[in-house]
Amino acid sequence: MTEPLLVDRTDAVVTLTLNRPNAMNALDVALKEALRDTLAELETDRSCRAVVLAGAGGSFSAGQDLREHVSTLENSSADPLGTVRAHYNPIAARLANLPKPVVAAVRGMAAGAGASLAFLADIRIGGPSTSFLMAFAKVGLAADTGASWTLPRLVGHAKAVELLLLAEPVRAQEACQLGLLNRLTDDDEQVLPVAQELAARLAAGPTVAYGAIKRQLSIADAGTLADALAAEAQAQAICGATDDHRAATLAFVAKQKPVFEGH
């Protein structure tokens with residue numbers, strides 16, 4: 001049986017590949033459970049210092065597997081959208097709060113919950129064929145997998161409303177201009193290698209500080225200046241006690257390149 005999620009480790013970088021290429025990496029229960037549980041394991045895995053999220057084949061992810069969803073709708077005893085609480089919410093929370101950088105290699109289409117997954121990454125790399133589609137309204141649904149939180153932060157409230165209500169595709173160039181993509185490669189074949197190269201660079205950096213920066217920004221986005229200042233004080237107390245901070249400071253004074261160990 002083919003594994004729905006491929007997990008590849010190269011040094012301190014873990015690449016998670018949604019592996020249902022014949023279904024455009026649509027998210028069925030097996031794939032959602034594998035992604036949810038693997039992310040939970042990576043939270044405390046100190047050997048992992050950066051994560052790449054990718055899709056097998058020519059697509060990132062078409063979102064919810066609607067063929068599977070139809071059978072759920074036809075089962076009168078089932079909760080048709082129970083997957084939001086059981087799968088999508090935990091996945092979104094774990095991606096957003098992962099205390100290490102996440103880079104999404106968004107090749108091809110990212111639609112619905114697939115696009116939402118990409119938006120939860122810290123950095124998104126795309127290519128000429130990359131496109132996003134907030135497809136929820138096309139099947140009579142509202143946003144999920146954190147899109148109502150991430151999308152306004154990436155593109156602003158007005159544009160988020162437009163993308164969710166009109167459900168029109170956003171092609172690569174526009175996605176880059178809007179901030180849905182951070183970098184755009186000239187060749188689709190370079191999307192994953194560029195994402196992995198960037199993740200390797202981040203994996204060699206101050207992991208604790210990266211996690212603290214992510215927490216700071218999350219608090220500041222939704223809070224007051226006082227909240228942000230409190231978060232900064234807490235973060236600096238944590239980072240200031242790390243071996244990485246001490247070693248990097250000494251290296252700076254000695255005019256040497258710092259080597260970060262991630263703790």
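**Exercise 1.** Determine the strand order of the open sheet of three strands and the kind of pairing in it.

*Solution.* The order of this open sheet is S5-S7-S8, and its pairing is mixed. Strand S5 (109–111) and strand S8 (170–171) are the edge strands, since each pairs on one side only. Here strands (E, at least two residues) and helices (H or I, at least four residues) are DSSP runs numbered from the N terminus, and two strands pair if DSSP finds at least two bridges between them. S5 and strand S7 (residues 131–133) run parallel and are joined by three bridges; within S7, Phe-132 is the residue that stands opposite Ala-110.

The model is predicted, with local features requiring pLDDT of at least 70 and side-chain atom pairs pLDDT 80 or more, whereas totals for chains, interfaces and linings use all residues. Residues are numbered from 1 along each chain as its sequence is written, and side-chain values use heavy atoms, leaving out hydrogens and water.

**Exercise 2.** Locate Asp-11 and Asn-25, and decide whether Asp-11 is buried or exposed and whether Asn-25 is buried or exposed.

*Solution.* Asp-11, although not a glycine, has a positive phi of about 55°, and it lies in the loop between strand S1 (5–10) and strand S2 (13–18). Its relative accessible area of 76% makes Asp-11 exposed, where exposed means over 50%, buried under 20% and partly exposed in between (1.4 Å probe, protein chains only).

Next, Asn-25 has a positive phi near 55° and belongs to the loop between S2 and helix H1 (29–43). Asn-25 is buried, with a relative accessible area of 0%.
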